[in-house]
Amino acid sequence: MTSMQAFRIHNDDNGYRGAIETMDTDALSAGEVLVKAEWSSVNYKDALAGTGKGKILRQYPLNGGIDVAGIVVASSDPAFREGDKVLATGSGLSETRDGGYGEYVKLPAALTIPLPASLSTRDAMILGTAGFTAALALLRMLDNRQRPDMGPIAITGATGGVGMLGVDIFTRAGFQVHAVSGKPAHFDFLRQIGAVECIDRHQLAFSGKPMESAKYGGMLDNVGGAMLAGFLPAIAPYGNAAICGLAGSPELPTTVMPFIIRGVSVLGVASAGTAREIRDEVWARLGGEWKPRHLDAICTKEVALGDVASVFDTMLAGGSFGRTVVRIG
Ligand code: NDP
């Protein structure tokens, strides 16, 4: 038994609250692999969970943090040994089991990913669920025959974690990216990491017509609502829209026309429930040919575990710019 610090979330007679607490490793959710956490990250979902503004946890109390990377301290599963570097993203962390905002975490071996050799534990958390999601979107689009010659990929919510990593990853994979963002002050940065065009979402005026001329080969959408509905009619024949988020709205006010006239596909991207074999493939690619070229620049903020709550409100207000990593070890 070891005493440890964790950002622990409760929901009981005293209300919904999250704060740094001392607990024992014995009290952690069970798992064969005991990991000393080095880094975690802050995703939109972490901000919802940490503030209680979204229902993310399905049991209480739990340590927050849907991502973690660290070093194995002990393992009852022969697949892992003391000293191995590992990571986990999604997989029920901070939903049904203790997450990465703690000095230790116990992971089931089935959810534990060996760290790709080309990534540090910090790199893995700059990527985290956000990078995994952007790469999973790309994998799904390629599986459905998306090709660079079909046209540029529109990426909405481009200054957010998924968006920014998406700009870099899709560019690395040979696609032209048009970044859609509400923050013109960051357009130069988006161009530096690969965007060939930047579009101010506040200047967008969608016609409302069910079909438009085909301008985009496909899209990665983090926003939902009118934005997603506005882009779908402009996607080229047999292009794909990978649906990742709802930063703007969970609604999808559209018609069937893009699907039945142009064969456009909507591909769902659910990072939390990804099968192990797909998870392994995505991480292998993130550590290989899709490894973003600008990881350090995309990591715009580093906070200590004790300060993790300080970034939640900005994120929920749409003020994100890049990725925030959480220093634990
Ligand atoms: P961030 O907070 O880092 O980024 C969200 C971005 O969306 C903002 O930076 C902003 O970009 C844009 N945005 C925010 N509010 C609005 C609004 N009202 N209207 C239009 N655009 C807005 O979040 P993440 O990148 O971590 O996540 C993005 C979305 O993807 C979230 O909805 C999240 O829940 C979801 N997600 C889903 C996953 C999955 O498995 N499906 C996994 C991870 C995240 P800008 O100002 O540049 O336009």
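User: Where is the place of Leu228?
Analyst: This is a predicted model, and in it Leu228 belongs to helix H5, which covers residues 225-231.

User: And is Leu228 buried or exposed?
Analyst: Leu228 counts as buried, because it has 25 C-beta neighbours inside 10 Å, and the cut-off for calling a residue buried is 20 or more.

User: What does Leu228 touch, not counting residues up to four places away in sequence?
Analyst: Leaving those out, Leu228 is in contact with Asp221, Val223 and Leu252.

User: OK, switching to strands. Which strands does E9 pair with?
Analyst: Strand E9 pairs in the parallel sense with strand E10 (residues 177-181) over four bridges, and three bridges join E9, again in parallel, to strand E12 (residues 216-221). As examples, Ile155 has Ala179 as its bridge partner in E10, while Ile153 stands opposite Gly218 in E12.

User: Which residues of E9 are buried on each side?
Analyst: Ile153 and Ile155 are buried on one side, and Ala154 and Thr156 are buried on the other, so both faces of the strand, residues 153-156, are covered.

User: What unit do E9, helix H3 and E10 make?
Analyst: Together they make a right-handed β-α-β unit, in which H3 spans residues 161-172.

User: One more: what is the order of the strands in the open sheet of three?
Analyst: The order is E2-E1-E4, with antiparallel pairing. Strands E2 (15-24) and E4 (62-63) each have a single partner strand, so one side of each is left without a neighbour in the sheet.

Definitions and conventions:
Residues are numbered from 1 along each chain as its sequence is written. This is a predicted model: local features need pLDDT of at least 70, side-chain atom pairs count only at pLDDT 80 or more; totals for chains, interfaces and linings use all residues. Helices (H or I, at least four residues) and strands (E, at least two) are DSSP runs, numbered from the N terminus. A residue is buried if 20 or more other C-beta atoms lie within 10 Å of its own, exposed if 12 or fewer, and partly exposed in between; C-beta atoms are placed from the backbone. Two residues are in contact if their C-beta atoms, placed from the backbone, lie within 7 Å. Two strands pair if DSSP finds at least two bridges between them. A crossover is right-handed if, with the strands pointing away from the viewer, the path from the first strand over the helix to the second runs clockwise.
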